Amino acid sequence: MIARIALVFGAAALLGAAMATPGGAAEDGKASFAALKCTTCHSVTAAGIESKKPKPKGGDLSGIGGKHDAAWIQDVLAKKADTGKGKKHSVSFKGTPEQAKAIADWLAAQK
């Protein structure tokens, strides 16, 4: 029984360490950004992501992390804050709260 408990705690510790490794959250945010089709309106050229449109409506988000933090980005995705241009995000975010956080954290790291 004790060996089983130790195994469970050990596995949990390894999983936690794997999730905390650098690049893990960033890759989740970048992958979610692409999977949720944020590239329809936005590019992040510094990260090698080009918009699907020649003149993206939402612009290039490279460097956004130098201007705004992840909490603000999440608020914009949730339409709780305006984009800085007096407007709300034009599209309702369709992802999960975890995806919104991952995207916001990843974009906040784009400085």
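## Positive patch

K53, K57, K85 and K87 gather on the surface in a patch of positive charge. Patch members have over 30% relative accessible area and no salt bridge, and like charges are joined within 9 Å. A salt bridge is a side-chain nitrogen of Lys or Arg within 4 Å of a carboxyl oxygen of Asp or Glu. The model is predicted: local features need pLDDT of at least 70, side-chain atom pairs count only at pLDDT 80 or more, and totals for chains, interfaces and linings use all residues. Residues are numbered from 1 along each chain as its sequence is written, and side-chain values use heavy atoms, without hydrogens and water.

K57 sits in the loop between β1 (42–43) and β2 (59–60). Strands are DSSP runs of E with at least two residues; helices are H or I runs of at least four. K57 is exposed because its relative accessibility is 63%. Exposed means over 50%, buried under 20%, and partly exposed in between (1.4 Å probe, protein chains only).

## Positive phi

Most residues other than glycine have a negative phi. K37 has a positive phi, near 65 degrees. K37 lies in the loop between α2 (24–35) and β1. Its relative accessible area is 60%, so K37 is exposed.

K79 also has a positive phi, near 65 degrees. This lysine is in the loop between α3 (70–77) and α4 (97–108). K79 is partly exposed, at 33% relative accessibility.

## Aromatic pair

There is one aromatic pair. F33 and W106 form it, tilted, with 5.4 Å centre to centre and 55 degrees between the planes. F33 belongs to helix α2 and W106 to helix α4, so the pair ties together parts 73 residues apart in sequence. Rings of Phe, Tyr and Trp (its six-membered ring) pair if their centres lie within 6.5 Å; planes under 30 degrees apart are stacked, over 60 edge-to-face, the rest tilted. Both F33 and W106 are buried.

Conventions
Patches are made of residues with over 30% relative accessible area and no salt bridge: like charges are joined within 9 Å, nonpolar side chains (Val, Leu, Ile, Met, Phe, Trp, Tyr) within 5 Å. Accessible areas come from the Shrake-Rupley method with a 1.4 Å probe; for residues, only the protein chains shown count as cover. Lys and Arg count as positive and Asp and Glu as negative; His and the chain ends are not counted. The place of a charge is taken as NZ of Lys, CZ of Arg, CG of Asp or CD of Glu.
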